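Could you go through this structure with me, point by point? The notes below are meant for someone who has not seen it before.

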Amino acid sequence: MEEHGRWPYANGSLHLGHIASLLPGDILARYYRLKGEEVLYVSGSDCNGTPISIRAAQEGTTTEVIAEKYQQEFVEIFKKLGFSYDYYTRTDSTFHHQAVQQIFLDLLEKGFLEEKSTEQTYCERDKRFLPDRFVEGRCPACGANARGDQCDHCSAVLDPLELKGKKCNLCGEKPAIREITHYYFAFDTFSKELEAYVDDAADDKRWRDNAIQFSKRYLREGLRERAITRDLLNGIDVPVEGFEGKKVYVWLEAVAGYLTASQAWGEKHQQSIDAWWKQDSFTKAYYVHGKDNIPFHSIIWPALLSKKGETTSSSSAKR
Ligand SMILES: [Zn+2]
Ligand SMILES: [Zn+2]
């Protein structure tokens, strides 16, 4: 049994909403331990994402200072509340960085990553590219206010270029468009495999109905190749010559934390966890997350895992 709660961002204090979303994971872990199952319950703080750079820029400090402050605060709070994590880590750990770089190189070697030049939003005033949450505007699908990576209102996964009325999140100016080179993950080649995977989950009633419906709709709309690297100040360096300064994008890096945290736990306890993550393993993985994270757990992470020849039958438990 593997238990994973959605990882909190280390860019601000936890509030009751965070705790409410983390609690079901702890309940599941305790339930299966009581039943006598072997449980590994891991989680960690997301210390690499854009929200932390934005917070650091606002407070005039470094991302390291912000991440350290909130990591300590989270660990303290989880201890006081009695959370029963077997391992609580952070995505700015050396172990996580190296393990993700290895996954990236595996995908590259197996031919699933392609270098491509595209256009990206750029702020002339801040003199930097503006990926993801660095751009805000209106969702092209539903018209609600949305961030460059995702619309919280309709859950559409977005590219900053698609937003209407784009604004730089740092200074409020309208961004320019510039050409940029990035690696893309051949996500579109996984459609058949993922359709079968979601159908299986539906047949076995492994996921909540809305997770199944959402995933089916996501697949029906068609999978597109997705940029897997970003121009960010903080995060995991792309381990390829010529890509200095670019980082592995959070959608690979953050979900990979479920695997790397398990590996880190295994290393600490000198126990191999490889068998738990194999395709034919008896391990059952529970991912506890909100509805805005469905595609990352029901589509993106299974695609990445299948490429490594490692898939666990997952149960997507929405809070
Ligand atoms: Zn929307
Ligand atoms: Zn700006």
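The numbered points below take up the metal sites, then the sheets, then a pair of helices.

1. This is a predicted model, in which local features need pLDDT of at least 70 and side-chain atom pairs count only at pLDDT 80 or more, while totals for chains, interfaces and linings use all residues. Residues are numbered from 1 along each chain as its sequence is written, chains are lettered from A and ligands numbered from 1 in the order in which they are written, and side-chain values use heavy atoms, with hydrogens and water left out.

2. The zinc ion (ligand 1) is held by the SG atoms of Cys-139, Cys-142, Cys-151 and Cys-154, at 2.3 Å; donors here are N, O and S atoms within 2.8 Å of the metal (3.2 Å for Na, K and Ca), and since water is not among the atoms, sites may look incomplete. Along the sequence, the donor residues of the zinc ion (ligand 1) have the spacing C-x2-C-x8-C-x2-C. The arrangement around the zinc ion (ligand 1) is tetrahedral because its four donor atoms subtend angles of 104 to 114 degrees, and four donors count as tetrahedral if all angles lie between 85 and 135 degrees.

3. Buried means under 20% relative accessible area, exposed over 50%, and partly exposed in between (1.4 Å probe, protein chains only).

4. The zinc ion (ligand 2) is coordinated by Cys-123 (SG), Asp-126 (OD), Cys-168 (SG) and Cys-171 (SG), at 2.0 to 2.3 Å, and these donors follow the pattern C-x2-D-x41-C-x2-C along the chain. With angles of 97 to 120 degrees among the four donor atoms, the site of the zinc ion (ligand 2) is likewise tetrahedral. Cys-123 is buried, with a relative accessible area of 1%, while Asp-126 is partly exposed at 30%.

5. One open sheet has three strands in the order 7-6-8, with antiparallel pairing. Strand 7 (145-147) and strand 8 (164-168) are at its edges, each with a single partner strand, so one side of each has no neighbour in the sheet. The twist averages 25 degrees from one strand to the next. Strands are DSSP runs (E, at least two residues) and helices are DSSP runs (H or I, at least four), numbered from the N terminus, and two strands pair if DSSP finds at least two bridges between them.

6. Within this sheet, strand 6 (residues 135-138) is joined to strand 7 by three bridges, and the bridge partner of Gly-137 in strand 7 is Ala-146.

7. Strand 4 (residues 113-123) and strand 9 (residues 176-185) are antiparallel and share 10 bridges, and Lys-116 has His-182 in strand 9 as its bridge partner.

8. Helix 4 (residues 94-109) and helix 7 (residues 250-268) pack at an angle of about 120 degrees, with their axes 9 Å apart; axes are lines fitted to C-alpha atoms, for helices over the stretch in contact, and angles run from 0 to 180 degrees between N-to-C directions. Helix 4 and helix 7 are therefore oblique to each other, given that angles under 35 degrees count as roughly parallel, over 145 as roughly antiparallel, 65 to 115 as roughly perpendicular and the rest as oblique.

How values were computed
Tetrahedral: all angles 85-135°; square planar, octahedral: opposite > 155°, others 65-115°.
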